[in-house]
Amino acid sequence: MTTSTSVNQLNQATGIATYYAANVYASAHKDYGNHSLRLLAGVNVEDFRFDSTFIQRDGIIDPSLPNINLLNGTNYTLTGGGNEWTIAGLFFRANYAFKDKYLVEVNGRYDGSSKFPSYSRFGFFPSISAGWVVSKENFMDGTKGWLDNLKFRASVGSLGNGQINPYLFDPIMTVQKSTGISINGINPTYTTRPNVIPSGLTWEKSTTVDEGVDASFLQNRLRFTFDFYVRYSTGNFTTGQPLPAVFGAAVPNGNNADLKTTGWEFSPSWTSNITKDWSFNVGLVLSDNTAVITKFYNPTGVLPYTVPYSLSPNTYYKGMHPGEIWGFVTEGLFTSQQDISSHANQSYFTVSNSNVLMPGDIKFKDINHLGVINNGQNTLSNHGDLKVIGNASPRYNFGMNLGTTWKRLSIAAFFQGVGKRDWWPGIEAGQFWGQYNRPYEEIPAYMMKDVWSPTNLNSYYPRYRGYVALSGTRELAVVQTRYLQNAAYVRLKNLSVAYSLPAQWLSKAKITSAKIYFTGQNLFTLSPLHKYAANFDPEVINGSDPEVSSGSGNGYAYPMLKTYTAGINLTF
């Protein structure tokens with residue numbers, strides 16, 4: 001419950017959430033000879049209800065005593081609302097193994113959700129997987145000296161996603177009290193028009209085909225797993241087809257897009273004892289995937305971004321790669337008035353209040369050679385001088401574990417990072433643009449060494465002035481290649497050092513064991529991003545902290561902190 005006062009009014013809001021969940025299942029197991037069979041079946045039920053109440057009235061008698069009973073105004077609002085939904089489903093799993101060499105597993109779920117219309121409420125989501133432990137075959141007997149395990153796997157299965165808001169398929173008309181109109185001193189109530197509802201709302205379905213191999217060698221010192229998969233996501237919940245403004249309503253979300261994702265994951269590891277007192281281990285996890293939209297109805301071919309500085313797609317198109325960045329290509333900075341005069345018309349971009357190009361301004365490339373640089377009609381068939389210049393989706397995600405133990409000393413480290421990622425600073429990113437964004441912003445010291453001037457023609461930043469990174473088609477607000485950043489990074493996520501004191505040192509103090517340890521987190525980060533954005537954390541690169549700088553641009557998110565911990569563990 002929250003209570004607040006403003007403009008001689010008292011507001012009180014109350015919300016109560018109730019959630020119940022139940023899972024009931026039974027299992028059976030039977031072995032007979034070389035055969036093994038396991039069965040499991042059950043039912044899952046979830047029920048959620050949220051009730052809210054909002055009370056508002058004017059006429060506070062005593063501001064020091066904010067209480068509903070101490071109000072005497074004639075304007076009041078009393079509203080209630082909430083939502084509820086239920087999900088119920090049956091599930092089963094059957095496992096069969098023959099000689100622990102041939103393995104089969106079958107799974108299935110039959111789920112229903114009240115969030116969908118009655119005619120599309122239920123969905124069946126089966127899966128099947130099979131494995132072959134080749135290393136247990138008789139013809140592999142000759143490899144037992146160096147091969148410990150070799151297993152091939154294959155699977156195909158589907159899952160349903162129903163995580164949407166309830167009532168999306170119902171035309172809801174809400175009743176509200178006007179706050180801007182008064183009739184005879186009373187605020188009247190009114191009814192809103194219902195939203196446009198999607199057609200055929202149902203489960204989003206994800207079907208994955210996976211092939212993999214597990215192997216271990218040399219008495220399990222060397223291990224690796226590899227998986228290659230293709231995932232088909234059908235009926236994704238997205239906005240609908242682009243419609244003209246005369247449509248007069250918001251385009252509803254529905255099952256409008258299909259997506260194909262292709263990826264792989266490789267995980268090798270090595271563990272070895274060099275001597276009886278010294279051992280070490282190393283492990284790597286490396287993965288990558290790419291996705292492409294295979295279905296979306298966008299007959300006019302409208303580009304995903306309706307404004308030149310936005311990276312949040314308003315729509316999609318068939319063949320689009322999620323995360324792609326559309327932008328302009330830059331050729332550098334203008335060096336002279338003659339350079340400006342001989343270049344294509346780029347009045348589409350705003351360089352100052354007077355919008356007069358000068359040496360030191362950004363020089364955009366005329367890709368379509370029409371003599372005018374712009375975004376055309378902002379469509380796939382006519383996008384002017386825009387093109388895909390990068391992709392914000394992280395690629396080649398990796399993690400690495402390193403560890404060694406020598407007698408009583410142990411050291412372990414964990415590195416993580418991203419091998420490829422493009423990042424556009426965006427508007428209102430004062431930590432990147434400095435006073436190019438707003439003239440009263442703080443100025444990164446490293447920026448001032450790289451600002452254009454007649455004596456610094458090879459600078460990174462254009463001539464110095466404010467508001468050109470703020471919004472619209474201002475020359476630093478539009479997405480472009482010159483200031484597109486490489487956000488790949490590697491970070492020492494964790495480092496641990498521990499030393500166990502010798503027992504003979506502890507016996508007199510009746511201590512069984514004592515270990516001194518040190519742990520550090522986020523100790524250092526290496527990234528090309530820090531060349532021009534030294535104060536940005538590549539792991540939390542987007543957005544702003546809602547409690548510190550809500551609504552600001554990139555660079556105002558709470559960073560990953562370095563932490564150091566030291567201590568001693570004693571056992572008596």
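**Terms and their cut-offs**

Analyst: Both Arg-463 and Asp-361 are buried, where buried stands for under 20% relative accessible area, exposed for over 50% and partly exposed for in between, with a 1.4 Å probe and protein chains only. This is a predicted model, in which local features need pLDDT of at least 70 and side-chain atom pairs count only at pLDDT 80 or more, while totals for chains, interfaces and linings use all residues. Residues are numbered from 1 along each chain as its sequence is written, and side-chain values use heavy atoms, with hydrogens and water left out.

User: What makes the contact between Arg-463 and Asp-361 a salt bridge?

Analyst: The term requires a side-chain nitrogen of Lys or Arg within 4 Å of a carboxyl oxygen of Asp or Glu, and the side chains of Arg-463 and Asp-361 meet at 2.8 Å, N to O, so the pair qualifies under that definition. Helices (H or I, at least four residues) and strands (E, at least two) are DSSP runs, numbered from the N terminus.

User: Why is Asp-288 called buried, and why is Arg-395 called partly exposed?

Analyst: Asp-288 has a relative accessible area of 6% and is therefore buried, whereas Arg-395, with 21%, is therefore partly exposed. Their side chains also meet in a salt bridge, at 2.6 Å from N to O. This pair links distant parts of the chain, with Arg-395 in strand 18 (residues 395-406) and Asp-288 in strand 13, 107 residues apart.

User: How do you know that strand 12 and strand 13 pair?

Analyst: Two strands pair if DSSP finds at least two bridges between them, and 14 bridges join strand 12 to strand 13 (residues 278-295), which run antiparallel.

User: What makes the group around Phe-432 and Trp-433 a nonpolar core?

Analyst: The name is given to a set of buried Ala, Val, Leu, Ile, Met, Phe, Trp, Tyr and Cys residues joined through side-chain atoms within 4.5 Å. The largest such core has 42 residues, and those with the most contacts inside it include Phe-432, Trp-433, Tyr-436 and Leu-476. Strand 14 (324-327), strand 16 (362-364) and helix 2 (430-433) are the elements that give two or more residues to this core. A second, separate core of seven residues includes Met-140, Leu-147, Val-213 and Phe-217.

User: Why is Thr-330 called buried, and which residues does Thr-330 touch?

Analyst: Thr-330, which is found in strand 15 (residues 330-333), has a relative accessible area of 14% and is therefore buried. Not counting residues up to four places away in sequence, Thr-330 touches Ile-362, Lys-363, Phe-364, Gln-480, Thr-481 and Arg-482, a contact being heavy atoms within 4.5 Å. The side chain of Thr-330 reaches the backbone nitrogen of Arg-482 at 3.1 Å.

How values were computed:
A polar contact is a pair of N or O atoms within 3.5 Å; within protein, one must be able to donate a hydrogen and the other to accept it, and residues adjacent in sequence count only if both atoms are side-chain atoms.
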